[in-house]
Amino acid sequence: MTSPLTDEPRTIQAVLDRSALQSYAKGHLHVGELLIDVAADEAFIGVPAVALLEAYGTVIGNKHATALLKLILTLPGIAVIDLDAEAAEIVADEVQPAGGDLARSHAVSAAKEHEAWYLTTEPTEVAELLPPGQVHVIPREDA
């Protein structure tokens, strides 16, 4: 991935888990504020495909929330992290420690791979999976 301004590589600085995507879909401002900060650093926020799938699954029938999830994917500081055959093998290592939660497994694996912040409203769920300094808590309620 490259910067549209410089053609230099851009890194994934943070990864949104399902709960952070759900917070964004509710219209909470926290994810948007972080997106601005990350974009200012010429970096990306990663959206794991499996977390995105689960977030969409929780807002079925809610046109506003669905529109917000579609919107975030169009923003220049967002990079969808696909799950291809090669990545699936790596992500599988996280499934058992994550209690079988596939979305969490994909997000944890992505955060580890990119040495990125893990953005979540559920920090206790990943306390044993990532170092504390790597987990960035998104408030459950809006500011």
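The model is predicted, so local features need pLDDT of at least 70 and side-chain atom pairs count only at pLDDT 80 or more, while totals for chains, interfaces and linings use all residues. Residues are numbered from 1 along each chain as its sequence is written, and side-chain values use heavy atoms, with hydrogens and water left out.

Q: Why is Leu-16 called buried?
A: Buried means under 20% relative accessible area, exposed means over 50%, and partly exposed is in between (1.4 Å probe, protein chains only). Leu-16 has a relative accessible area of 0%, so Leu-16 is buried. Leu-16 is found in strand E1 (residues 12–16); strands (E, at least two residues) and helices (H or I, at least four) are DSSP runs, numbered from the N terminus.

Q: What is Leu-16 in contact with, leaving aside its neighbours within four places in sequence?
A: Contact means heavy atoms within 4.5 Å. The contacts of Leu-16 include Leu-21, Val-31, Ile-45, Ala-51, Ile-72, Ala-107 and Leu-119. Ala-51 is 35 residues from Leu-16 in sequence, and their C-alpha atoms are 8.0 Å apart.

Q: Why does Glu-113 count as exposed?
A: Glu-113 has 58% relative accessibility, and therefore counts as exposed. Glu-113 lies in helix H6 (residues 102–114).

Q: What makes up the negative surface patch?
A: Its members are Asp-82, Asp-84, Glu-86, Glu-89, Asp-93 and Glu-113. Patches are made of residues with over 30% relative accessible area and no salt bridge; like charges are joined within 9 Å, and nonpolar side chains (Val, Leu, Ile, Met, Phe, Trp, Tyr) within 5 Å. Asp and Glu count as negative, Lys and Arg as positive, and His and the chain ends are not counted. Helix H5 (residues 85–95) gives the most to this patch, with three residues.

Q: What makes Asp-101 and Arg-18 a salt bridge?
A: A salt bridge is a side-chain nitrogen of Lys or Arg within 4 Å of a carboxyl oxygen of Asp or Glu. For Asp-101 and Arg-18, the closest N and O atoms are 3.0 Å apart. This pair links distant parts of the chain, with Asp-101 in the loop between H5 and H6 and Arg-18 in helix H1 (residues 18–25), 83 residues apart. Both Asp-101 and Arg-18 are buried. The structure holds seven salt bridges.

Q: Why does the salt bridge of Glu-94 and Lys-112 tie together parts that are 18 residues apart in sequence?
A: The closest N and O atoms of Glu-94 and Lys-112 are 3.0 Å apart. Glu-94 lies in helix H5 and Lys-112 in helix H6, so the pair ties those parts together. Glu-94 counts as buried because its relative accessibility is 10%, whereas Lys-112, at 38%, is partly exposed.

Q: Which residues are linked in a network of salt bridges?
A: Arg-18, Glu-54, Asp-101, Arg-104, Glu-122 and Glu-125 are linked in this way. The side chains of Arg-104 and Glu-125 meet in a salt bridge at 4.0 Å, N to O. Arg-104 counts as buried because its relative accessibility is 9%, and Glu-125 counts as partly exposed because its value is 44%.

Q: Why does Glu-122 count as buried?
A: Glu-122 has 17% relative accessibility, and so counts as buried. Glu-122 is found in the loop between strand E4 (117–120) and strand E5 (135–137). Not counting residues up to four places away in sequence, Glu-122 touches Arg-18, Ser-19, Arg-104 and Arg-140.

How values were computed. Areas by Shrake-Rupley, 256 points an atom, 1.4 Å probe, with all protein chains shown as cover. Charge placed at Lys NZ, Arg CZ, Asp CG, Glu CD.
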